[in-house]
Amino acid sequence: MIKSKMWICVLMLLFAAASAKAQGTVQDTEDDTTHVYRIHVLGRAYADKVALRWAPDEYVTWKILNQYGYVVARERLGNDDYDVDTLAVVKPLSLEALKQHFAPTDSLAAIAAQMLYGKAVTLDNTETPPGTPGSIMEVYEEQQTYYSFGMLAAEMRLDIAEAMGLAYVDKTVKPGETYNYFVSSNVPDSLMMVMANAILGVKPAPFKPDSLSVELTDSIDDAGNISLIWPHTSYSTYDIERSDNGGSWQKLNKQPFFMLTTDGSSDLRENLYTDHNVEAGHTYLYRVKGRDAFGEQSLPCRERRVYYRGLSNIVAPVMRAYEFLPCDTAVLARVYFHKDEEESDYIGFLPYYRPGSGGMGLIMPLAKELTKDTVLTLNLTGLGNGYISALAFDKNGNSIEGMALPIQMNDGIPPSPPAGLRAAVSPLGVVTMAWQPCPEKDVAGYEVYFANDTLHTFVQISGTDFNDTIFIDTLSLNVNERYIYYRVHAVDFSGNRSDASATLAVLRPNFEPTITCRIDTAWQEGEKIYMRWNASMRKDVAIHRVFRRIQGSHDWELIGLVPVEAVKDATFEIVDSVPYLQGKRYIYAVETLNTIGVSSGLSMEYGVLHEGPRMLDVVIRLQGKYEEKGRKTVLAWDAGARPVDVPFWYVVYRRAAGEEHFHARMSVPEKEAMYEDYLLESGKEAEFYVAIQFEDGRVSTPSNVVKVVRPQAPVE
């Protein structure tokens, strides 16, 4: 057991450090990676148990964590002790244990075993020549595939996740109690920094699945297939069900359905499932259920009704010829279409333009409504070389495309230069570039160029048909050039090439440690310690980490993160508010990390003796009176607790009537607490107070002020 407050403080420190490190990891020209890895945790309460699921960031982290394991701890809320129990150290089952635990026919268990223990491609046995950028990319892509399918298998069944060391089920919970759960790693910080995570306020209760809250849409293609489309959700996989004309529901997919394709403009396309087994004249009801990260199935989404009319029997018109018309303000063309006959259910066609030399781009309508006219005047302003065709419709809403024929535009205006070029670099030298798409409609693609110096000739590295706005390049790290430079041009369908984008300088990853920081000046004001450090000005410096420990302790505490933006004139300042510790120094050191997380090591230590406040708060209660018998003033006092253990003495202060200030009258040893004053004359008065004087020069707050009056002696 460990105390809750201590555990939570450790977690907060990990969260704060990792959060600060995670910020700004992608810059315009540099990668700000600082090597803090995360454990993503989900929790779910049931009536008699609590299930925890987690996943690391990527393949390498996953493999390392599998070796050291995950620590699962639990805090029970509501009791007086607030202790945290370590429930388990979770690791994947061995290969032999997996074979004993699951049936040989269990395909998901087989996938888990292969992802955990299968032999992956290494740098020395790739299809591309070993040591080349292509071999590195081949290994990286296979690792990501292993990771993706491993996480998918874990999400499809909770028992698979437990066997893979990615889940824990707490069956010791009690009804009515509330728990906090913490998941951390056993990996030493010297190997990698892994940010712990927590699930707070979990209370056992019966689990009730939610409905899949998506709206199904549909599309019917020319081959007679019904495609269902719905947005991506947090569910991992889906089951698609169909009812024919209101009959019983049948599941269409034999295996769990999920989408993996990307389109470059968003993270993932919408889910798309195509039903090939449909018949004309039938009405079908469709619904979808989702399976979440715990393998639980949702309730179905709202049903989608689709009526399948059947394939169209109409023939679309074909463009026969075109001619450009004289016009100074627009590009106009007269286009001639031909159609042999009009079918009984034919209602018209829509002319459209498709950009590109192959006629495979997205279509662009050239009219606002359907027409049956075979001679049309079309506005082609802003379009490049491409294809023109027709999309014909019948009364049932079916459509069919006609043959697309090329049109050659008289376009000599190049696109605008690509804007917003930026890049991120991985520790392996993989550069991911991105830029904003050009606004022109006739942009056919982009050309990416590089050079090792701005004075060199830039060389094209993209293909001739590259039309994405994201490009990946792999750098050679064993070269002298610190920077590599990139430019991007846009090319339209008429072959016009834009001016170059702004040149982007990308810093190559550097595995050589930078020099350490050194203290410049330091001073103290009240409870705050001010320090100015001299910093390395090397271009690949990413962040400075400031540590503190107390004299006599070997445990360093991370107290600050200084990004390179905060370094001015090769220096940065740290302000540390610390409590006074008698006789103890605060020791400081700084570590510098470059863009790929290579550490400079700790700097030389700098120690500061906290002087503390000059006046200490001590309660002193003073009493005083005049004794006629001895003709003296008698003072006595008692003092409360002192905040420091330092030798001291008392000082008695006196102010006679008519005097403006108090004056120190006498020093009294610390073991005494009284004083006698013989200076008071007949009929006079004086005021007194007492304060403590410590040997180290500090003083206490003064006592209360006591006024003493000597009565007037009778006249003889």
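The model is predicted, so local features need pLDDT of at least 70 and side-chain atom pairs count only at pLDDT 80 or more, while totals for chains, interfaces and linings use all residues. Residues are numbered from 1 along each chain as its sequence is written, and side-chain values use heavy atoms, with hydrogens and water left out.

**Helices.** Let's start with α2 (residues 59-68) and α5 (residues 133-156), whose axes come within 9 Å and cross at roughly 65 degrees. Axes here are lines fitted to C-alpha atoms, for helices over the stretch in contact, and angles run from 0 to 180 degrees between N-to-C directions. Helices (H or I, at least four residues) and strands (E, at least two) are DSSP runs, numbered from the N terminus. On the α2 side, Y59, V60 and W62 make contact (heavy atoms within 4.5 Å) with Q143, Q144, Y146, Y147, G150 and M151 of α5. Sorted by class, that contact has six nonpolar, three polar and no charged residues. Nonpolar covers Ala, Val, Leu, Ile, Met, Phe, Trp, Tyr, Cys and Pro; charged covers Asp, Glu, Lys and Arg; the others, Gly among them, are polar.

**Sheet.** Next comes an open, antiparallel sheet of four strands, ordered β13-β12-β15-β16. Strands pair if DSSP finds at least two bridges between them. At the edges sit β13 (249-251) and β16 (304-308), each pairing on one side only. From one strand to the next, the twist averages 35 degrees. Strand β12 (residues 237-244) and β13 share three bridges, and E241 has K251 in β13 as its bridge partner.

**Salt bridges.** The structure holds 31 of these, each a side-chain nitrogen of Lys or Arg within 4 Å of a carboxyl oxygen of Asp or Glu. Three of them look like this:

| Pair | N to O distance |
|---|---|
| D57 and R38 | 3.4 Å |
| E323 and R334 | 3.3 Å |
| K707 and E685 | 3.9 Å |

D57 lies in the loop between β3 (50-56) and α2, and R38 in strand β2 (residues 36-45), so their bridge ties together parts 19 residues apart in sequence. Partly exposed means between buried (under 20% relative accessible area) and exposed (over 50%), with a 1.4 Å probe and protein chains only. D57, at 25%, is partly exposed, and R38 is too, at 38%.

E323 in strand β17 (residues 318-325) and R334 in strand β18 (residues 332-338) are eleven residues apart. E323 is partly exposed at 33%, as is R334 at 28%.

K707 belongs to strand β48 (residues 706-709) and E685 to strand β46 (residues 685-694), 22 residues apart in sequence. E685 is partly exposed at 34%. Elsewhere, salt bridges with shared partners join D106, R157 and D159 into one network.
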